[in-house]
Amino acid sequence: MAGPEGIENVAATGKVELPETLPLFTPSDLVFFPGIILPVAVTDEDNVKMIDDVANSGGSKIFGAFLGKPDVDNVQKTSDLRKVGTAVMILRMMRSPDGTLRMIVQGLERIAVTDVVQSEPYPIGKVQSVAKKPRKTVQLEALVRALREDFMNMAALNENIPDEFKMAVHNVDDPSNLADLIAANINIDSSARQQLLEETKVPDRIRTLRKFIERELQILQIGSSIQSKTREEIEKTQREYYLRQQLKQIKKELGEDEEGASEVEEWREKIEAADLPEHVLEVANKELKRLERINPASAEYTVVTTYLDNLLELPWTEMSDDKLDLKEARDVLDEDHYGLDDVKDRILEYLAVRKLKPDGAGAILCFSGPPGVGKTSLGQSIARSMGRKFQRMSLGGVRDEAEIRGHRRTYVGAMPGRILQALRSAGTRNPVLMLDEIDKLVSDFRGDPASALLEVLDPAQNHTFRDHYIEIEFDLSQVLFITTANYLENVPPPLLDRMEVIRLPGYITEEKVEIAKNYLVPRQLEMNGLMKKHLRITDKALEDIATLHTREAGVRNLERTIGKVCRKVAHRVAVHGENGQVVVKHANLHEYLGPPKVTPPWTRRKPEVGITHGLAYTPVGGSVLEIETTLMNGKGQVKVTGQLGDVMKESATIAHSWIRAHARRYHIGPELFTKRDVHLHVPAGATKKDGPSAGITMATSLTSLFTGRKVRSDLAMTGEITLSGHVLPIGGLREKVTAANRAKIEHVIIPWDNQKDLEEIPEEVRERIEFHPVKTIDDVLKIALEEKKQRRSNKSSSSNDAEKQKDTGRNDGSRAGEDESPNRKSEQRKEKNKEPEPAEAKE
């Protein structure tokens, strides 16, 4: 620390006069203040020579000291120097063995260089004093007192300032010397010291110095506060350890079991070893303190330990690294599943986003489709392609809200909800979590689990998911949620709105054959202990299995039936040994599976009056329904049977009302609506049916019944009807058309507005089926109803034929008198039916 002795010895007496020129010393980090004595070590050869010359000159041994500029190596002119420096006197000097020159010097007064007269071997300049003696004023006195007070406050917090220096500050009366003394001894850098040296006006110098002291005081206060808190923490830890040791000895004297204490220590070690976030660590330590006060024999003890176990096992920070190689991910998806391009593309899009934005949130997808199309297994493939853990949670039949959010700890046997349990099993907080059968949730007096899922499946909320058992916010935003459903109509709209729905339609026969060849047959061979050398199933046999022995949208029964064939071959190999490869083909398939289980519907189909084929979408995929109608004596009532829902019954009423309103157009007598009852039936009465898309099918069947015109047997239809006769668009067109293709339907009538959905239908199906877009029910009837054939009575006709001819003439009205041949007229009408929109009739 620089001493103040010289303030009284030299500077105050003024005995030393400054020479006109002085050698210049330009250290890089040292500032000399007037009146301050301090030691200096010089190693630079040029500076050593300059000091030697000054010391041996026999004069006053004074040189000028200026803080060096960082970009100046050789002083050539006054601009290479700082504005203000200090005249310094050498008081004592000695040379070390290593050549270092050590000396004790004292600053005399502030000086400025007016001209550089020499630059080699060291600079010499003309100097002049710039010191200004301040006038004694009340303001200056106030500044001096404030400066002393600030310094004493700082010194109270700085243990490195000795008491002797504090006394020296009290004893210095000259304001300029006081400011220089303090500036030379506080912890500031050289640039700040130079700023104080250049302040020749004492009041301004004191103000600037107080700013530096205030900043240093703040730093010391913060450091003191940190040290105080650290000391308190150490004392608290030591105190707790001391008390815990005392408590341990007290329990030992009382004879209490030490097992509880050792278990508490184990829990403490587990908590310290676990990488818990701060807010979770706080809760864990709180529960541990409770555990210390509870007797191990108490039931509450088990509750706390169970809670701690669940708390520590949750993956608060663990995350698995995503595989962001899109080509590899695509290969994995193609390896496990055939087709399903929409789903695969969506997963690759998600991975691409993760690659560009690693901190993005997880996705929430919903796979909707009939059973057996691969929804659940697709989730496993997605997890494998991304390199994530996979967890599946079945929601079928779940009716308690606590299954999702957990039970509160006040209940006996309370546990976290199944969401957090799945994450605990996965071990990471970003797994692929499949919520299977979300459309099978049930709500009752115990709560609505679908409402609890609103928070879980909402990206704006699930980052703060709070389980009732854990009662700490858990971040679910990195989880990739995949839900599955067979029937989206059973999913509550608010829940459905939170998910991105991807539909997985049923497979056509060609797709089933490819899936069986590439996936199902190899898997069943392995499961039944067979190899390719034991069994081969031809493509035709696989097609027969898919069409004649199973009837489904998926491939689950198809795999089960293939497994039956494999088991029979395995039995033969086990009993008779390996006798070559068994080839199952169309000709010998009945030996393994027996007669066909499914009768092809096209074998018994023919044009009939009042029987129409409609297309329906059910939870198990698309299907072809027959709608039958018949007339009987009555009072004009309409009876509907076949387990129909309210919407479907309303469609029947609308169809009947429309036909009655337009009866004259189709030459239908009014007595049919007043003296005859209509019975409309949809077969497969054990299956519930509902929906508006059977409207045009019912209208066609009733019109056929009332007019006696047959309905084409190679045609099916779907569409909703209005009272004004317009045909409205429907949903599930791909599944319905797939069902029509399985039933070998050649023509399908669809609503005009559904033409855009034809792009989703496989190309091979579009090539087999001719589509007829319609806008009104009149368009439907022109296409669906055959012209009534007229028979001319002749001598060879039986009396029964003659009677039919009379009936035909009565029902056909004005058409009976036309001259054209009935067959030619039917052909022309068929051609006319195809004319309105030939371009839109096919995709």
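Reply: Two strands count as paired if DSSP finds at least two bridges between them. Strands (E, at least two residues) and helices (H or I, at least four) are DSSP runs, numbered from the N terminus. The model is predicted, so local features need pLDDT of at least 70 and side-chain atom pairs count only at pLDDT 80 or more, while totals for chains, interfaces and linings use all residues. Residues are numbered from 1 along each chain as its sequence is written, and side-chain values use heavy atoms, with hydrogens and water left out.

Now the sheet. Five strands make an open sheet with parallel pairing, in the order E8-E9-E12-E7-E13. E8 (390-394) and E13 (500-503) stand at the edges. Each has a single partner strand, so one side of each lacks a neighbour in the sheet. From one strand to the next, the twist averages 20 degrees. Axes here are lines fitted to C-alpha atoms, for helices over the stretch in contact; angles run from 0 to 180 degrees between N-to-C directions.

Four bridges tie it to E7 (residues 364-368), and the two run parallel. Ser368 has Arg503 as its bridge partner in E13. Helix H15 (residues 418-426) packs on the sheet. H15 touches E8 and E9 (432-436), and its direction makes about 155 degrees with that of E8. Contact means heavy atoms within 4.5 Å.

Next, Arg346, in helix H12 (residues 341-356). Leaving out residues up to four places away in sequence, Arg346 touches Ala363, Leu365, Glu500 and Ile502. Its relative accessibility is 18%, so Arg346 counts as buried. The cut-offs: buried is under 20% relative accessible area, exposed is over 50%, partly exposed is in between (1.4 Å probe, protein chains only).

Finally, the backbone. Most residues other than glycine have a negative phi, and most peptide bonds are trans. A cis peptide bond joins Glu120 and Pro121, with omega about -5 degrees. Pro121 sits in the loop between strands E5 (101-118) and E6 (124-129). Gln643 has a positive phi, near 60 degrees. Gln643 lies in the loop between strand E18 (638-641) and helix H22 (646-661). At 39% relative accessibility, Gln643 counts as partly exposed. Lys744 also has a positive phi near 60 degrees. The loop holding Lys744 runs between helix H25 (733-742) and strand E23 (747-751). Lys744 is partly exposed, because its relative accessibility is 47%.
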